[in-house]
Each structure stands twice: as structure tokens, then as C-alpha cells.
Amino acid sequence: MTVLTKIGTKTYEEFVKYLTEHVTLVSVELQELQLAKVANALIQSANLVSLYKTRSNPSELSESLVSVLALQTPMICFPANTSTTDEPKYEVFGGVMTYQRLMINHPSKLQKIPVLVLPEMPPEKFIRLFCLQDFTRMFLHDAHNTELKTVQGYLDGWFKKTNGALSIFQSEEWLTLYPQLNSKAKVAKWLNVSNKALTSSDD
């Protein structure tokens, strides 16, 4: 069994820098992958999979396109506590949607999948922040065509108000990821919607 040490970074910025310097590209089998506990908890709170097509699509089942998907939106992992030399296991915390899509649609005889692996287990708070940034990117940066009430439902499911804060947009986690979007008005402007459209996050 693998005895993991934890990455000693103190801030999220240091953690991101660590990622850029210490990941290694390796090939693993799909059954060797599992969602990290924190990532799974966020998925349970508000599951982005419902926004994606889940029925079988023959074009998504080819081995070459599986490799392309895994390289274009790579999964980032660390060795699981249950990992052994004979039975390696990895916990996925980055590229969670890639993992989910492969679990839904994958070839019956799947080749090994390229993933990025860290040598150590990240602190849980940084795993959570990385997942949150990964999940919210599609709404804030990728211009995903989703109804605002759906976007707000996801944000309210993932982010929790800090005691004394007026909204989730003043929570510690939100401000770590998006310090420039520190009010409902600024988020509404970024999304190009009216302030009144963002209700429950501040009510």
C-alpha cells in the first residue's frame, strides 16, 4: 500500500505552481482511476454530468478519440492510499468531466489512457479549490449556453457563504479563485445579465 506524503504548499497560488513543475504524463487503465473524495462530494452537490449528452455516440467510442479527449482535457491524479505496485490506483481531481465522460462512453476494449500524475497527495482544501475552478470555468470563461438559474443553482451548490458574508461571492473560496468578482453586481456584469437575475445567492 502506498503511504502518501502531502504537498507542503501554503497557498493556492503555490499549489498551482507546484502542479506545473511536478506532474508526470503516464498511461493508465480506466479501472485504475477513481474520483478523489472531494471531487466526488462536489459532484454529488451539483452534478455537471447532467449538462452533457450521455447517450452512446459511436464517434466517442473509438480508441483514437479517447486519447484525444484525454490529451485535450487531461485528468490530473495522485496515487491512492490503496495503490500497490501490483494494483496501482489513482485519484482524479483535475479533468473530472473527462473522467465522467469516459465512464459513460468508452470502448469495450479500452487502451491505456494518458493522465498527469502528481507524486504526492495535495492538501484537501487545494483539491477542492482546483475542482471548483475546473467546474466553474465552463460558466465564467467558456461561454457555456446554460440558463442563468441553472448556473446559479450550481454555484449555490458548490460555494458556501462565509459567516458574515452577504453572498457566496464574498466567501473565502470564491475570492481565492475570483478576487475581481467580489460582488453580485460584478458577477452579473461578467455574465452580461441584470443584477436582479442573480437572486438566491444574495437573498
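**Sheet and helix packing in the predicted model**

Strand S4 is mostly covered, with five of its five residues buried (buried denotes under 20% relative accessible area, exposed over 50% and partly exposed in between, for a 1.4 Å probe and protein chains only). The structure is a predicted model, in which local features require pLDDT of at least 70 and side-chain atom pairs count only at pLDDT 80 or more, whereas totals for chains, interfaces and linings use all residues. Residues are numbered from 1 along each chain as its sequence is written, and side-chain values use heavy atoms, with hydrogens and water left out.

The secondary structure of the protein chain comprises eight helices and five strands; helices (H or I, at least four residues) and strands (E, at least two) are DSSP runs numbered from the N terminus. The elements follow the order α-β-β-α-α-β-β-α-β-α-α-α-α from the N terminus on. Of the 203 residues in the protein chain, 43% are buried. Among contacts (heavy atoms within 4.5 Å) with a separation of 6 or more, 74% are accounted for by residues 24 or more positions apart.

The five strands form an open sheet of mixed pairing, in the order S1-S5-S3-S4-S2; two strands are taken to pair if DSSP finds at least two bridges between them. Strands S1 (24–28) and S2 (33–35) stand at the edges with a single partner strand each, so one side of each is left without a neighbour in the sheet. From one strand to the next, the twist averages 50°. Strand S4 (residues 90–94) pairs with S3 (residues 76–79) in the antiparallel sense over four bridges, and with S2 in the parallel sense over three bridges. Val92 of S4 stands opposite Cys77 and also opposite Leu35. Tyr90 in S4 is the bridge partner of Pro79.

Pro79 also lies 7.1 Å from Pro119, C-alpha to C-alpha, at a distance of 40 residues in sequence. Pro119 is located in the loop between strand S5 (113–117) and helix H5 and is partly exposed, with a relative accessible area of 47%. When neighbours within four places in sequence are left aside, Pro119 is in contact with Tyr18, His22 and Pro79.

Helix H5 (residues 124–140) packs against helix H2 (residues 37–45) at an angle of about 45°, with the axes 9 Å apart. Axes are lines fitted to C-alpha atoms, for helices over the stretch in contact, and angles run from 0 to 180 degrees between N-to-C directions. H2 is therefore oblique to H5, given that angles under 35 degrees count as roughly parallel, over 145 as roughly antiparallel, 65 to 115 as roughly perpendicular and the rest as oblique. Val38, Ala39, Leu42 and Ile43 of H2 meet Glu124, Ile127, Arg128, Cys131, Leu132 and Phe135 of H5 in this contact. These residues divide into eight nonpolar, no polar and two charged (Ala, Val, Leu, Ile, Met, Phe, Trp, Tyr, Cys and Pro count as nonpolar, Asp, Glu, Lys and Arg as charged, and the others, Gly among them, as polar).

The axes of helix H1 (residues 12–22) and H5 come within 10 Å and cross at roughly 80°; H1 and H5 are therefore roughly perpendicular to each other. Tyr12, Phe15 and Leu19 of H1 form the contact with Phe126, Leu129, Phe130 and Gln133 of H5. By class, the contact of H1 with H5 contains six nonpolar, one polar and no charged residues.
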